[in-house]
Amino acid sequence: MIEKMPEERGICVIKNVIFDIGNVLVDFRWRELMNELKLTKEDKDRFEVYVFGSKWWHELDHGTMDEEEVVKHLREDNAEYREAFDLVWENRDKLVRPYEYAVPWIKSLKEKGYRVYLLSNYPEKLFTMHAKNGSFPFLELVDGKVVSAFVKKIKPDADIYECLMNQYGLNAKECVFIDDREENVQGAKNVGMYGICLRSYEQANTELEGLLKSLAHPTIDVDKITALVHTTDKIIFDDDAVSSIHVKGAADYVTKVDIEVQNFLQRELAKLYPEIGFLAEEQERFEADRTKSYWILDPIDGTTNLIHHYNMSAVSLGLYEKGSITFGMVYNPFTKETFMAVEGMGAYLNGKKIQTGTCNSLKDAVISYGSSPYDKDRAHELFGLFEKIFLHCADFRRNGSAALDLCYVACGRQEAYLEQNLKPWDYAAGALIVKEAGGCVGTWKEGEPISFLENSDIIATNGYVEEALRALMHEA
């Protein structure tokens with residue numbers, strides 16, 4: 001199974017695929033060999049426990065004992081089976097055979113631009129023998145390898161994974177490790193890698209392809225964008241900048257933080273992708289061509305919350321391409337939560353895939369709403385609607401950040417969210433995250449598509465309470 005990322009890490013693009021060798025790329029066929037040598041079932045059973053499962057074989061893998069010394073101990077420990085042991089040992093060049101899929105698998109990954117490495121527990125002389133006799137036809141394809149006996153480190157100890165990373169300058173969060181033993185996959189997770197436990201080639205390849213696709217975007221480098229948004233921390237936690245406040249209108253504020261975050265991200269995104277346009281809250285005006293691509297940014301969604309130290313504010317960044325949002329990221333620096341989605345690839349919270357909740361009864365649903373504080377002459381009408389909904393649901397929430405409200409629907413913290421007159425930067429990223437998490441996002445007018453380049457009345461649900469909620473809105 002795919003090993004989930006630790007929650008503090010965020011989504012990151014995989015650049016390196018690391019393979020174990022035995023029972024992953026080659027068949028460790030000792031039972032088959034023993035059948036060919038006409039050995040008994042008793043011989044085979046003993047080999048499994050007292051040879052390959054022995055402390056001596058562990059020392060051989062670890063490289064802490066010479067092969068001759070290990071063989072001496074194994075022959076002594078298995079005196080009555082010495083003839084069988086000697087026969088197998090004499091034919092140890094035939095112990096492994098490459099799987100037919102090994103070379104094509106690695107070639108396909110290389111053609112797609114991934115770097116491929118080997119990380120294996122393997123005795124030194126046995127590895128050299130198998131490398132020379134053609135048992136490892138993939139060796140010339142890989143970008144590097146670390147073999148336990150050569151470095152005197154062994155899986156699942158953390159230092160062998162770190163040895164590989166240090167030797168080739170790898171970043172753990174950009175690596176996925178494939179092994180047939182769960183404890184070795186866990187060892188990879190412990191140092192920050194992704195991990196897949198191989199039970200069959202088909203299963204592992206399917207999981208690998210799913211993982212690689214879920215973290216990829218055809219236009220942008222998700223990893224770079226994530227890192228860029230996270231660097232806004234230094235601006236957001238500047239108390240002086242938070243205290244520098246300008247009133248734009250009724251209950252509508254902008255701080256120095258909003259301005260500096262926007263200027264920083266606009267400048268840095270232009271360096272990375274000069275061909276992509278830019279739409280953001282703190283622009284005086286904007287005109288958008290629907291055929292072009294735009295970053296849609298709310299530098300601080302929840303500015304009033306920021307001013308009041310409410311810790312419910314977020315940087316919201318979406319990528320608009322030819323009529324749809326293809327990437328969305330919402331980052332709350334106060335909780336260190338990063339919600340993210342790539343079109344068609346699912347939604348994630350700190351690297352862990354999320355889905356909307358399964359509550360299918362409006363009476364049990366938690367619903368959040370926006371009160372349209374910039375347009376208070378509509379309060380009587382709006383709160384009449386909210387009262388009707390409130391009387392039919394479990395409870396209401398008012399979080400003060402449209403982007404976070406949408407994300408909370410996406411991860412199941414609430415079942416629905418609705419607000420009128422949201423601007424594109426309020427909802428662009430969050431709408432994609434809800435959709436990719438399995439929810440529904442639309443306008444208050446059922447069947448009307450979301451523009452993403454104009455103000456919209458937005459309703460987002462887990463899908464299960466959509467019909468009942470819209471029925472109440474229609475009655476109102």
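Buried means under 20% relative accessible area, exposed means over 50%, and partly exposed lies in between (1.4 Å probe, protein chains only). This is a predicted model, in which local features need pLDDT of at least 70 and side-chain atom pairs count only at pLDDT 80 or more, while totals for chains, interfaces and linings use all residues. Residues are numbered from 1 along each chain as its sequence is written, and side-chain values use heavy atoms, with hydrogens and water left out.

Select K256 to begin. K256 is partly exposed, at a relative accessible area of 41%. Helices here are DSSP runs (H or I, at least four residues), numbered from the N terminus.

Next, select R470 and E466. Their closest N and O atoms are 2.7 Å apart in a salt bridge, and both residues are buried. Four residues separate them in helix α20 (residues 466-475), about one helical turn.

Now select R75 and D86, a salt bridge with its closest N and O atoms 2.8 Å apart. R75 lies in helix α4 (residues 67-77) and D86 in helix α5 (residues 82-90), so the pair ties together parts that are 11 residues apart in sequence. R75 is partly exposed, at 28% relative accessibility.

Finally, select R29, E32, E36 and R97, which a network of salt bridges links. The structure holds 25 salt bridges.

Conventions
Salt bridge = Lys/Arg side-chain N within 4 Å of Asp/Glu carboxyl O. Helix = DSSP H or I, 4+ residues; strand = E, 2+ residues; numbered from the N terminus.
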